[in-house]
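Let's take a friendly walk through this structure together.

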Amino acid sequence: MELSFIIEKFLLVFIIFIISLGVAAYATYFERKVAAWFQDRIGPDRAGPFGLLQPIADGVKMFMKEDFIPKHADKWLFILGPGITMFVALIPSVVIPWGPPLELFGKTIALQVTDFDYGILFIFGVISVGVYGIMIGGWASNNKYSLFGAVRASSQMISYELAMGISAITIIMMTGSLSLNDIIAKQHGMNWNIFYQPVCFLVFFTCALAETNRAPFDLPECESELIGGYHTEYSSMKLGLYMFSEYVAMFISSALIAILFFGGFNFPGMDYFSGNTLAILGILVFFTKIFFFIFLFFWIRWTLPRFRFDQLMHLGWKALIPISIINMLITGFAIALYQGWF
Amino acid sequence: MLTLTNRKKVVSDKPMTFMEKIYLPAIVGGMVITFKHLMRRGNTVKYPEQLRPFAPVYRGMHVLKRDEQGRENCTACGLCAVACPAEAITMIAAERKKSEMHLYREEKYAAVYEINMLRCIFCGLCEEACPKEAIFLTDRIVPTEFARGEFIYGKDQLVEPLDNRIDITKRQNSGRRTK
C-alpha cells in the first residue's frame, strides 16, 4: 500500500469525522432555532452573532458538569454505553459516497472512505448494533426508568428495523446491487427512486424516524413519562455523547435517505458538467438534500405529538411491515414482468 | 342546548376511517400549520436591549428622596415599616447632631434603612404611609443577583444620589414637601 493512499484515506476520514460532528453540533443549534420559529419565538441568540456560538457554549457546559456514576451502577458498562452509541452513529459514514470523484494533484480521489460491495448491508448491520449502546446504558444505570427506556428502545428498534430492511431490499431489487455507488449510479440525473417507490420511501422514512429515536417515536427518552429514559442517570459529557449521537445518527440517516431515494449527489442537468466542477456541485447538492431531510426531521418533531407505545407497535407490526412486504412483492412482479419472465 | 361559540365539536369514539388510519392527511395538515408559524414573527421583546413601555405609575424599585437642599426627607418614624404587609422594611433611628444639619431635614433620621427586595411585593403602601414624602416607588427594575443577601438594599442603594436625582413626577408627585 502506498503512503499517499494512506494519507489520502486518513485525510478523508478526518474531514468526514469533522464534518459529521460539525453538522451534528450545528444541528442542535438549528433544532432549537427551528423549534423556536415554529412556536413564534426567537431561539438562542445570545452566544455570539445570532447565537452561532451556542453549540460551543453547550459543549463547554457539558464538559464542566459533574461526571457522576451512580453507586449501584455497573461502572464499566455505564461508561461503555455512550461510547458504543457514538461509535455506531459515526461508523456508517465510511461507506457513504459524499460526491463524484475529485481530481487533485493528478490523482482521482473517490469521496468515499471505502467502497464495499455490500455497503448498504454494512450500514444496516452497524445501525442494528446501535441498540446495544442504549440497552447497555439503560441496564447498567440500575434505575427502573432507564431500564424502561432501554427496553422500549430495543423493542422499537427491532420492530422498525424489519420494515426498514424490507423497504431497503425493494430498492436493492430495483438496482440489483448492494453497493451504494451502484444505487447512486442507477439514479443518474433525475431518475430518482422516489418516483418509482413513493410508498417505500414513506415506510423507510417513518422507520428512520423510529430508528433515530426522534419524535413522534421518541418513546425511549420521553421526558413526561420516563424522566429521561435510558439516559436518566447520565450526566456531563456521557449524556452529551448520547444526545450528540442522536444528531449524528440523524445526519447519517438523512444521507442514507438521500442516497436511496433522492439520487445521492445526482441532480438534473449533471451531464453538462464534468471533473471537479461536477464533484463540487455534486457535494453541494448532496448536502442540500441532507439538510433538507434534517429540517424535515425537525419539522416533524415539532409538529407531531408522541405515539403511545401500543400504537407504535401497531404501526410497526400491523401497518408498516405488511405494506413494505406487499410493496416488495409488487416490485418483484414488476421487475419479473419487465425482464420478460412470464 | 345553546352554544356559546360555533367551534363546539361532539367527541365520539367511532372507529377510525381508512383515511384517518393512515395518519398522513392529519400529519400533512399539522405540518402545514407549523410551517405557517415558521413564517410568522413572534412578539418577543429582547429585554435588556429593548424595554416594554412602562405605565407611568409603575411600581418598581424604591427611592429615598432628598429635599431641594439635598437633605434626606426620612425621619425614621417607622410608619412605612408598620404599613408594609410583607414586613420588608427595617430601620434604626438616630438623633441628628449639630454638624449634620445639612444632611438630614428632621431632628431624627434613619441611621440604617433596609428594604428586603425579595420580601417586597411592590404594593406601594410605604409610599402612601409616609408623612414626610420620603419614600417613593420608581419605574426602575430591581436587578437580578446571585446571592440572597444582595437583595437587602441599604441606604447606599436607596437614597437618591445628590448629583443624580430620581424623577418621580410620573407618579403625579413632586416629592417636594408642602409645608
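**A helix and what covers it**

The buried residues of α10(A) are covered by elements that include α1 (3-38), β1 (102-104), α7 (198-211) and α9 (236-261) of chain A. This is a predicted model, in which local features need pLDDT of at least 70 and side-chain atom pairs count only at pLDDT 80 or more, while totals for chains, interfaces and linings use all residues. Residues are numbered from 1 along each chain as its sequence is written, with chains lettered from A and ligands numbered from 1 in the order in which they are written.

Helices here are DSSP runs of H or I with at least four residues, and strands are E runs of at least two, numbered from the N terminus. Among the buried residues of α10(A) are A:F286, A:I290, A:F293 and A:F297; buried means that 20 or more other C-beta atoms, placed from the backbone, lie within 10 Å of a residue's own.

Now look at two of the covering helices. α1(A) and α9(A) pack at about 110°, their axes 9 Å apart (axes are lines fitted to C-alpha atoms over the stretch in contact, and angles run from 0 to 180 degrees between N-to-C directions). The pair is therefore roughly perpendicular, a term for angles of 65 to 115 degrees. Their contact involves A:S20, A:V23, A:A24, A:A27 and A:T28 of α1(A) and A:F244, A:Y247, A:V248, A:M250 and A:F251 of α9(A), where contact means C-beta atoms, placed from the backbone, within 7 Å.

Finally, the contact between the chains takes ten residues from chain A and nine residues from chain B.

How values were computed:
Two residues are in contact if their C-beta atoms, placed from the backbone, lie within 7 Å. A residue is buried if 20 or more other C-beta atoms lie within 10 Å of its own, exposed if 12 or fewer, and partly exposed in between; C-beta atoms are placed from the backbone. Angles under 35 degrees count as roughly parallel, over 145 as roughly antiparallel, 65 to 115 as roughly perpendicular and the rest as oblique.
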